[in-house]
Amino acid sequence: MIHDALYIHSEDLLTYKFREDHPFNQKRLQLTLDLLQKHGAINDRQIIQPRMATIEELELVHDAQYVQAVQLAGQGQLSVEIAQNYGIGTDDTPIFKNMHEASALITGGTLTAVDAVMTGHALHAFNPGGGLHHGFRGKASGFCVYNDCSVAIKYLQQKYNARVLYVDTDAHHGDGVQWSFYDDSDVCTLSIHETGRYLFPGTGNINERGQGKGYGYSFNIPVDAFTEDESWLDCYRTSLREVMDFFKPDVILTQNGADSHYYDPLTHLSGTMKIYKEIPKLAHEFAHKYCGGRWIAVGGGGYDIYRVVPRAWSLVWLEMTNNSNNSGPLPKDWINRWQPESEELLPSEWDDMDDIYEPIPRKADITEKNAQTLAKALHPIRSSQQTTNQF
C-alpha cells in the first residue's frame, strides 16, 4: 500500500532530554501528535516507529572518535575535559544518560522517513523529532549531538544515488548541514534564517556559496531581526522557486524549525502562523513538480512548545495529507489537556490574532533590506540565466 504520508513517532524519542530547565524540550512531540489526534487528522496506520541508526550510518558524517565519545559520555565514562573538546558537557549540550542511544534514535527516525519515501512506501514522510542541523563531524553544537539531516543526505546519496535539495527555514542558520556538503555539487542547501549578527551560530552570510565542486550550491538568505510575515514569505517563495528550478533535485528534505515566530523566546523575528501554513504548502507543490512527490520533512528548533510548535508542525502533516482543515478553532479537549501545564494562555485558533505584537517601526527599512539580501543571494542564478538566454 502506498501512503500519501507517514509520520515517525515513538515515546522513546522523548529520551533526548538534557535537563528539566533546558529550552530544547521534546515534550513538543507529544503536544503535536496529541493535537493531530484530537483534530482527527492522523490514524495509527500512518504512524511508524523509528529505528536506531547504526554506528556505520552515523559515521557516514560523524568521526568515529566522536561517536565513541558520545557513547562514553552517556555512560558517565568521559572526563569533563575530553567531553568539552567534543562540544558535550556544555551549557547548550549537557551530557545526559544514554545520550548516544537517544541521539541515534532521532537519526534513525529520519532514516526511517528516507527509506519510506525512497522505496515508494510513501510519497512523503515527517519525522518531527529530527532536524538537529547544528551537529558537526566531530563536535556537538546548539542542542544537537548527531546531525540527522546530514546523515540522511549522505545516506540518500550512497543508498539511492539521489541529488538532494535541503531547505532550512529554522530561525538559526543550518550550519552543520551546509558545511557537511560545502564542496558537493550533488547537494544544494538553502537556508532562510535570522541574520547571525544577533543570533547563534553567527554564520549563514550570503557570500557563503560553497567551495570547489560545490561552489554555487549553497544559498543563504539572512533576514533582518523583526522581519514580519510578508517580507519573510517573499524571501521564501522567491528563493525556493528559483533554487528548485536551478538545481532540479531528485528529492527535497525540509527542516521545519518553528522558531521564526514572534512568540519564540530565543529569536528576534516577527513571524506568525501564516508562514507555517505557506512553508509546507510550497514545499509540497515543488516536490510534486520536480521530485515525483518525494518529500522528507523533519522538525528542528522551536522553543515556545505550547503555543507555536504543535500548530506549526501539525500544519506540515496536514499539508502532506492534503487536509485543508487548517483554520478555525483548535480542539477544545487539546486545550483543556495542556493548558494547566502552560504558563501562557494557549491559542484557541489555528491562526494567530492580528494583534499579537505592536507595529514594527522599521518595517519599511527591514523589508527593503531583506529584498536586497534576496537579490544578492540569487544573483548567481539570475546572471547565469541571462547569459544562457543571450545564446
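**Close-up 1. The crossing of helices α1 and α10 is right-handed.** Here a crossing is right-handed if the near helix is turned clockwise from the far one by less than a right angle, and left-handed if anticlockwise. This is a predicted model, in which local features need pLDDT of at least 70 and side-chain atom pairs count only at pLDDT 80 or more, while totals for chains, interfaces and linings use all residues. Residues are numbered from 1 along each chain as its sequence is written, and side-chain values use heavy atoms, with hydrogens and water left out. Helix α1 covers residues 27-38 and helix α10 covers residues 309-320; they pack at an angle of about 55°, with their axes 9 Å apart. That makes α1 oblique to α10. (Angles under 35 degrees count as roughly parallel, over 145 as roughly antiparallel, 65 to 115 as roughly perpendicular and the rest as oblique; axes are lines fitted to C-alpha atoms, for helices over the stretch in contact, and angles run from 0 to 180 degrees between N-to-C directions.) Helices (H or I, at least four residues) and strands (E, at least two) are DSSP runs, numbered from the N terminus. On the α1 side, look for Arg-28, Leu-29, Leu-31, Thr-32, Leu-35 and Leu-36, which meet Val-309, Pro-310, Arg-311, Trp-313, Ser-314, Trp-317 and Leu-318 of α10. Contact means heavy atoms within 4.5 Å. The contact of α1 with α10 has nine nonpolar, two polar and two charged residues. (Ala, Val, Leu, Ile, Met, Phe, Trp, Tyr, Cys and Pro count as nonpolar, Asp, Glu, Lys and Arg as charged, and the others, Gly among them, as polar.)

**Close-up 2. Helices α5 and α6 also make a right-handed crossing.** Residues 99-118 form α5 and residues 148-160 form α6; the angle between them is about 35°, and their axes lie 9 Å apart. From α5, the contact takes in Ile-106, Thr-107, Thr-110, Leu-111, Val-114, Asp-115 and Met-118, and from α6, Asp-148, Val-151, Ala-152, Tyr-155, Leu-156, Lys-159 and Tyr-160. Nine residues of this contact of α5 with α6 are nonpolar, two polar and three charged.

**Close-up 3. Helices α8 and α9 cross at roughly 10°, and their axes come within 11 Å.** That makes α8 roughly parallel to α9. Among the α8 residues that meet α9 are Trp-232, Leu-233 and Tyr-236, and their partners in α9 include Ile-275, Ile-279 and Phe-286. By class, the contact of α8 with α9 has 12 nonpolar, no polar and six charged residues.

**Close-up 4. Two cavities of 30 Å³ or more are held in the structure.** On a 1 Å grid over the protein atoms alone, a cavity is a set of points where a 1.4 Å probe fits but cannot get out, and a pocket is an open set with protein on both sides within 12 Å along at least five of seven lines; lining residues have an atom within 4 Å of a point. Grid points are joined across faces, edges and corners, and a volume is the space filled by probe spheres set on the points. The largest cavity holds about 50 Å³ of space. Of its 14 lining residues, His-133, Cys-144, Gly-300, Gly-301 and Tyr-303 lie nearest the centre. The second largest cavity has a volume of about 40 Å³. Its lining is made by Asn-256, Gly-257, Tyr-276, Ile-279, Pro-280, Ala-312, Trp-313 and Val-316, with α9 (273-290) and α10 each supplying at least two residues. That lining has six nonpolar, two polar and no charged residues.

**Close-up 5. The largest pocket contains about 380 Å³ of space.** Tyr-303, Asp-304, Ile-305, Tyr-306 and Glu-343 lie nearest its centre, out of 16 lining residues. The lining of the largest pocket has six nonpolar, three polar and seven charged residues.

**Close-up 6. The second largest pocket contains about 250 Å³ of space.** Among its 15 lining residues, Asp-229, Thr-272, Lys-274, Asp-354 and Tyr-357 lie nearest the centre. Helices α8 (229-247) and α9 are the elements that give two or more residues to this lining.

**Close-up 7. A cis peptide bond joins Phe-200 and Pro-201, with omega about 0°.** Pro-201 sits in the loop between β5 and β6. Thr-203 is found in the loop between β5 (187-194) and β6 (218-223). Not counting residues up to four places away in sequence, Thr-203 touches His-173, Asp-175, Trp-179, His-193, Gly-196 and Glu-208.
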